[in-house]
Structure formats: C-alpha cells, structure tokens
Amino acid sequence: MTISYQLKRADFIFKNQNDWEEVLSKSISRTPQELINELISSELKGRGGAGFPTGLKWKLTAEISDSTKYVICNADEGEPGTFKDREILSMVPFKVLTGMAVCGYVIGAKEGYIYLRGEYFFLLPELNKIIREFEYYCKEIKFDFTIRIFMGSGAYICGEETALFESMEGKRGEPRNKPPYPSNYGYMGKPTVINNVETLAHTYTIFKYGAKRFYDLGVQYSRGSKLFSVSGDTPKPGIYELELGMSLADFVEEFGDGDTKAVQVGGASGFLVPRKRFNETAIGFQGKLVGISLPTGGSMMLFNSSRSMFNVLDNYLEFFREESCGQCTPCRVGCQQLLKGIKAVKRGEKNTKYLDKLLRLTETMKLTAKCGLGQSVANSFSSIVENFREEMIY
Amino acid sequence: MEMINLTIDHKPVVVRKGATVLEAASGIGIDIPTLCYMKLEDMNIENKPGGCRVCVVEVKGRRNLAPACCTEASEGMEISTHSIRVVNARRTVVELILSDHPADCLICAKSGNCDLQDMANHLGIRKIHYQGEHSMYREDTSPAIIREINKCIMCRRCETMCNDVQTIGVLSAVNRGFQAVVSPAFEMNLDHSVCTYCGQCVAVCPTGALTEVDETGAVIRALSDPTKTVIVQTAPAVRAALGEEFGMTAGTLVTGKMVAALRRLGFDYVFDTDFAADLTILEEGTELLNRLSAFMAGDQQVKLPILTSCCPAWVKFFEHHFPELKDIPSTARSPQQMFGSIAKTYFADKIKVKRENLVVVSIMPCLAKKYESSRPEFSVNGNPDVDYALTTRELAHLINLGNIDFKSLQNEDFDAPMGESTGAGVIFGTTGGVIEAAVRTAYEIFTGKQLPRLDFEELRGMEGLRKATIDFNGTPINIGIAHGLGNARKLLEEIQAGTSEFHAIEIMSCPGGCIGGGGQPYHHGDSEILKKRQRAIYSEDQNKSIRKSHENPYITKLYEEFLGAPLSEKSHHLLHTKYFDRS
Ligand SMILES: Cc1cc2nc3c(=O)[nH]c(=O)nc-3n(C[C@H](O)[C@H](O)[C@H](O)COP(=O)(O)O)c2cc1C
Ligand code: SF4
Ligand code: SF4
Ligand code: SF4
Ligand code: SF4
Ligand code: FES
C-alpha cells in the first residue's frame, strides 16, 4: 500500500496569542458542554504520546462530581532531542495558560499546575511574570483560577502522568497502577486532567476558530497539525509544524540528506522505520489509514547509511536501563538483560537465536510492565532487530 | 453493600465493590501466585506496590495483562488466571528476577523459608533463559541486621513496614533503573541511620536480603569451652512460637520441650526471662506508684504519663525522635538486661563462678535485643551482661544442629532460682501484657487490697492503639497501649502537645508485641498466626499458680538476700539505666 498523503506545513501553534483575553472570556461565556462538544468534534488527540482524545478526557473528568479537581500541564519534556514544549512555553505561553483555564472552567477545577522540566528552570522568571498577568485578568473578569509552577526533578519517568502526580505529592516519581485513571484519581487522589503543553496550545486554536478549522487539517483519525522535532542526519534540524497524515516518504524527501536509511519515529519508545517501509508508513495515530502510531513528543530522528543500527539500539536500551523507575520486574531487569543480550550476540558469545528469545522477552515486557515506558521498549527493540538483524550480528 | 459480578476461569463470582481480582479469586479457591503483595489482616498493614508482576492475569478486552493484587474487580469482567499466555508471562517474570539473583540457596540464611525459592519451585523454573548482569551492592552489617541486598527483589515490603507502620523512614527505594534498590538514604549503612533494629523489615522480607546477625556459631563455641559456665534465658514470646519451626501448629506452647532442648544443647542452667519480667514489674511498678503518689500530693514537677521501657527498639526510637521526652519513660532496664545483670552478680556469686567465666545467652523473639546487649552501658569492664542474644529462629537452628527430635521431647522445668516466674511475667510477650502485669502489682501495693479479678480484658486485643481506665479503688488510672512505632508516635505527639490523658503507657515496637517480633518464625503475611500466639500466651498465664509478680517467692528472696527493696541503691545500679539524646 502506498500512502498518498503529502507533507504540508501548518502555522497555527506559534501564531499570535495577543487575543488571549478575548479567547478566554469568550470561551467561558459558553457552557462547558458546548466546549466539550467543540473539542470532541475537532478530534484533537493528546500530543504527549498516548494520543488519547482530549475532548473525551475533559468530558470524563467533568462528569465526576468532586469539589476539588486539578488541571495539570505536562511540561516535563524528557525525550532526548525534543524541545517543542519549551518553544511553546517561551513563545506562546498565554495559549497554554488559556487552555488550562478553559479546562478548569469545563471540568470545575480552580487550580492549575505546570509541571516544568527541571532543566527549564531558566523559563521560570518569565513564566511567573506571565502567570501573574494572567491571574490578574482572571480576577478582573471574576473568573476563579490560579496557576502554579512545580519544578520537576530531572527524571524522565516523571513525565508519565501518574509518576508526575507522585512526584508532585512529594513522593518518589514512580508510576501508579492504572486504572484508576487520572480522570478519577489523579493529583492528590482528585479528578485531574493532565495534558501536554502542545495539546493545550491546540485547544486555543480550536476555541478561537472553532473545531472545523482544526479538523480540516490532517487526515481521518489524525486531525490537525503537530510539532515535530527533526534531528539526526538531516540538513535542517529543528522544530516544524506539519499536518498529520503525511507519508514518511514525503517527510524524508523534505528532511533527509539523500541517504536516509531509517527514521526513528517517536524517540526511544517509538518505532524504527526502514527505507523499504517509508512509502507505506504515515505519521499519525493508529487507525485504518495509517500504518504506525505517533508516539512521544513528535521526535523524528533520521539515520543515514553511515549509522550502525546496533549502536542506535544500544543507546536506546542504555537510556531505558537508566531511566526506568526500577519498581517493576519486567522493566527493571528486562531492559538490563536486553542490553546485555544484544552485546553478547554481537560479540558472538550467544548465537543468533538468542535474538528471538530477546524478542519474546520484549513481548512479555509489553504485556506485564506497569507503565508505558516498560511496555514500549518492545517498539524500538523489535522494529530495529527485525529490520536490521544482520547489523545486530556482524 | 454494592456487589460486583464477574467470572474467573469461567466460574461466576460475586464480590463487594472495591475488592481486587486477587481477593475475588481466593474467595472461590483460585490461587493466584503473588510475591510482592502482603497483607496482615487485622493490623491494617498492606503492601501493594504492584511491582513484581507475578500475579498478572488476563482480563478479556484488555490489551496487556493485569496485576491481580491491585486491579479492582469490575462488573462483567472475564478473568483467566492460568491461560498459557499468563503462565508464560509469569514464568518469564520470575526468570527475570532470578536472572538478577545470586541464587546462593545452598548457603543462604533464608533457604527453606524463602518466598522466591518457593515461587521458582512452584512454577517449575529449571532454566533461566535470559542471563545477564547481577546487580552488586555492598553488604551491610549492623549489630542486629545484615543487608545482603544483592538478593533484594524490590518487593518493598520492608519499606512499608519501616515507613508506613513504624514511621522510621530508614528504608526506601533509591536509585533508578537497574540500580534501583531499597536502602537507607545515600546508601548509608544501617548503623549510621536512625534504624531502631525493630526487625520488622526482616520479619517480612521474602528473600535473604534482610536477615539477622547469626550468633549461633559463637554460642556453640561457648558451649564447648570447658572453662565457661553457660546459662540461658528464654523470653516469654519464644515458647508460643518456637514449635512452628518444627511443624507444630501456630499457638502451640512448647515451654517444657524448649527447656528440655536447651539442656540437651548443653546449657548449664536453663532460666526464664519471665523471672526478670517479674523483677521489672516490681521496679517499674514502684516507680509508677511513686510518681502517681507525688502527683496526687500536688507535685507539679512529676513526669506523667510513665512509659514502659522494656522494648529496646522503642528506647532507640525515642532517643532519636523524641529526645526531649527522655525523662518520661521508666528507667527500668528491659527484662533481658535485668536478667544479665543479676546473673553476673547475684547468681555468679551464688555458684562461685567469676564473671568472665559466666556466659549469658538469651533467646529472644527480637532483633533489637542483639543491639541492646551491645550497648556499652550494659557492660562491666568490657564484659557484657548478656553475651549473646539469639532469635527464636536461631534457637531452632541450634536444636536442628544438635540433632534433637524436638517434637518427641518430654517436658522439663526451668532451673531455680531464676527460672521461677508468674503469669504476669509470661504476658510480657504480647501487646498489653506488660501494663496488665504492672496493674496487677501496682493495684495491690497502692490500695493494700487483693485484686477482685486478674484478667483485664479491657487491656487486651490487637488494635494498634487501645486505652482503658482502671479503678484503683476510687482513683481512676488511665492507661494507654500502643504497638507498632507509628502508633507510639501518635501517643508521644500527644504528650509533647500536653494533651495526653494517660497516667501510664505501654509501648511495644512490633505489631502484636513480642509475639510478632523480628526474630520469630516467619509469618509469611498470615496474621492469624500472631493471634494464635497471643492466645497461647494468655493460656500459659491462666495455667500458672502464681499470676502476680510481687508474689514470686524467688523475687522476694532476691530482694531479701541481695537487692534490699525496689528502687534501692543497688537496684538503681543494677536494674536501671539512663537514656541518651541521639537526635
Ligand atoms: C515514560 C513516559 C514519559 C512521558 N513523558 C511525557 C512528557 O515528557 N511530556 C508529556 O506531555 N507526556 C509524557 N508522557 C505521556 C503522559 O503520561 C500523558 O499521557 C500525557 O501527559 C497526557 O497528555 P496528552 O493527552 O495531552 O498527550 C510520558 C509517558 C511515559 C510512559
Ligand atoms: S515499566 Fe519501568 S518505568 Fe514503568 S513502572 Fe515499571 S519499572 Fe517503572
Ligand atoms: S534469597 Fe531465596 S532464592 Fe535467593 S539465595 Fe536465598 S534462598 Fe535462594
Ligand atoms: S529494623 Fe525497623 S527501623 Fe530498622 S530498618 Fe528495619 S523496619 Fe526500619
Ligand atoms: S530488602 Fe527484602 S523486603 Fe525489602 S524490598 Fe528487598 S526483598 Fe523486599
Ligand atoms: S503480587 Fe501483584 S504485582 Fe507483585
């Protein structure tokens, strides 16, 4: 199957935010139900990795009755090589704050938090200033909503939503078992909406222009635009806003260096796509039309033929071994033994059949690990080992 | 109550809303293996981190497997607990744990009692398919506990005990990824931490990662040294649990067999810590009465409530966390130390053995007693009052080494003079017992009257915090009881805030008191065992002809011949102590 979707640049996210006061006051003059419907019909899905429909998330949280609820903006952005959330927060922070406030209005939360990656400490003074300005306006229009910043501790795993709650509660950043989901039991055990920075910025577009404007971008199941962090062997690394649904072939055409052998879509927990699959792979959420889901952060890393796929996998596994929170067996021990295993095969200490055993191990990790980190190790592992088996051995 | 219908392995089940899949399955007799999960019913202790992933089951419609121990049953769920997919996953998970495990079962202190070993056996693991790295950590030895954390499987049970139950906070997960492990902060050694040596972490550790310091070798050497006279004392809670190590049902009293076994092992005199418990009551009870009388005479300076001081983990706890309250606990030493000090003076003189040649061994349900006996204030010129404190488990070990068929031993009696005790001494072994024993004596001395009854049901039970008011012939005495240091902390905070209503408080560090001590046979998460031990203790008390400490004839004799009176100068010197600020 060849996918005919083309790469289209979009330009919404970083467009001006000067009308935020108007967007906010206009939005909260509508009913929560209207706003939820608007979001649902836009088909916006979370940009933090899991791709959960945002409208449904708000709806579920709104339906729980509780006098205390929270809105949390996930700005932990820990995926190596991505910094799109940082760009959003430094260029159009009001969009994010507005998205949070409207969410608060919709679900009935009066407090919002931004969980800011530790390394983004330098954003703090400016953000605090902007938050004061924002809260001042909220007061003026008699809208009760406050926003506070919580500084992250520098652990990748704290970007996982329930680990993030634990960390905000002063505990070790370890994912919880799900269910219960945050919409029922989130920060401090209260119903919570947690959204990625970019997701919130998109809600601004939707509330400003209406769902259709957003829906018209992209393809079925993958509506709207998305920021991509392009890195690796490319002449033009950087952040690009593109419509969802493009084929990987078009993407490589645009960003490749002419010698692209594979692209890692979605960072360490994503998939490696080899050249022979570029044509049949589209970038978007899992659905009938596209072959591959778009995981964390929109990281796109290109590799040309000078790269050893063994080293690539080795780096990812090293990353997982260090960044796993270590609480569950499959991930704590599994990542280590995968790493050890591929090295042993490479050195000839284990025969090549051991790779198949390791593939089965990743399947078990997918089935039994507690959170998305351990569950997704199989993605890069199997896509790299299956497509570049010879590079693992020789 | 809202009920939930689901099916497990095609069998319909109805459970209350909120129940887990694990609970639902066990309700219909389906056994889902677990490793990290632990629940001590009745004590509100639950460890449910969902970490080991051994308990995974298939839930129809769910992409991945679900951990049964922490997945709530929901309406219409269809669960498979032993499908091929589940069993394979479970085996792989256990193989992974084993791939990072030293597997020294042949020489491991936990062998035979190890939940991991059992699990590997249960699942028939014969080969570890995924070999690789072993995590390596430094071994950490303290006066009471050895941490061999290469064997840690991150079940977090110790963390739950140390943080949630005991509120000490010494053990918690440190590091990330493969290096993640449970440890004191900054991977310090235990003896540099505020650890109380309560041993509750050891009591629940499923593997050999946490064990007691084994002193059986030293005791064997002493027993085989012809120049030494070796005597032994046995704590009250030991007799209610030792039988379990020999396959007897929990709650079987084995006092007589235990004495017989100790004689077979070669101890020259077999004595009873209960004797020293009676002595403790006279000292501590007198102190209580003195403080009460002073208080009633209008003395504003007097410190009330008085707190018991027979639990060394509790002593270390307040020395670290509440040093400003260190004048409040009774100054009486623990029964173990009273015994040691009387043995090495009064008794040594009696049998004309020099202190250096008398070896005092204690058999204790407790790990903190190992630490306590090493405290410098309990030595004379470097010679400790108690030379070795073995646990109930170590004694069982010695008995096995000595090839003694424990179950078929005939009952024997303790030796005189320090083997005679009362029912009051026996109940020291359970929560509520020390204060009940104290009440029996204090009441009679205070009122000059005979107690109309001896069983104070209002002081008994398993709730973590209890209180009762005892009528001392017109004077109401308010009594508080706490077991578990988290509960103790609550009472201490009341004292700090000046809101405590109590005259006397009994505190035991271990849930259940000494019957649940860190040196007892492993309960493997079954709190029924603790309750049975408790019943055994009370029945031993019932069967004693003398049940009040001040009526112990050998105690009377000890005061006449040697000490004079409770709180005499000699008593102060030998039977009391002082506390240190360790904050
Ligand atoms: C290991 C791990 C790391 C994650 N890191 C981030 C992150 O840095 N930022 C983020 O927005 N979401 C991250 N997520 C996803 C969040 O758990 C969550 O799904 C997301 O914040 C929800 O927002 P969305 O619906 O707007 O995407 C991570 C998930 C996992 C499993
Ligand atoms: S999968 Fe990994 S990161 Fe997630 S809970 Fe388990 S050990 Fe922690
Ligand atoms: S902890 Fe258990 S499995 Fe490990 S070596 Fe000891 S007995 Fe064997
Ligand atoms: S002995 Fe008690 S205080 Fe010390 S680490 Fe274990 S549980 Fe904590
Ligand atoms: S030390 Fe023992 S109890 Fe503590 S986490 Fe490790 S295995 Fe579990
Ligand atoms: S027993 Fe359920 S995860 Fe360990």
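## Basis of the model

The model is predicted; local features need pLDDT of at least 70, side-chain atom pairs count only at pLDDT 80 or more, and totals for chains, interfaces and linings use all residues. Residues are numbered from 1 along each chain as its sequence is written, chains are lettered from A and ligands numbered from 1 in the order in which they are written, and side-chain values use heavy atoms, with hydrogens and water left out.

## The sheet in chain B

In chain B, 4 strands make an open sheet. Their order is 14-13-16-19, and the pairing is parallel. Strands are DSSP runs of E, at least two residues; helices are runs of H or I, at least four; both are numbered from the N terminus. Strands pair if DSSP finds at least two bridges between them. Strand 14 (269–272) and strand 19 (388–391) of chain B form the edges, each pairing on one side only. On average, neighbouring strands of this sheet are turned by 25 degrees against each other, direction ignored.

Strand 16 (residues 358–364) of chain B runs parallel to strand 19 of chain B, joined by 4 bridges. B:Met364 stands opposite B:Thr391 in strand 19 of chain B. Helix 6 (residues 216–223) of chain B lies across strand 13 (229–234), strand 16 and strand 19 of chain B. Contact here means heavy atoms within 4.5 Å. The helix runs at about 125 degrees to strand 19 of chain B. Axes are lines fitted to C-alpha atoms, for helices over the stretch in contact; angles run from 0 to 180 degrees between N-to-C directions.

## Around ligand 1

The shell of ligand 1 holds 20 residues, each with a heavy atom within 4 Å. A:Gly48, A:Lys57, A:Asn195, A:Asn196 and A:Thr199 come nearest. Strand 4 (192–196) and helix 14 (372–387) of chain A each supply at least two shell residues. Strand 4 of chain A gives the largest share, 3 residues. By class, the shell has 4 nonpolar, 10 polar and 6 charged residues; Gly counts as polar.

An N or O atom in the side chain of A:Lys57 is 2.8 Å from an oxygen atom of ligand 1. Another oxygen contact, at 3.5 Å, involves a backbone N or O atom of A:Gly78. A polar backbone atom of A:Gly159 is 3.4 Å from a nitrogen atom of ligand 1. The protein buries 92% of the 610 Å² that ligand 1 exposes when taken alone (Shrake-Rupley method, 1.4 Å probe).

## Around ligand 2

Ligand 2 is surrounded by 13 residues. The closest are A:Cys325, A:Cys328, A:Cys331, A:Cys371 and A:Gly374. This shell divides into 8 nonpolar, 4 polar and 1 charged; Cys counts as nonpolar.

Note on methods:
Polar contact = N/O pair within 3.5 Å; in protein donor to acceptor, adjacent residues only side chain to side chain.
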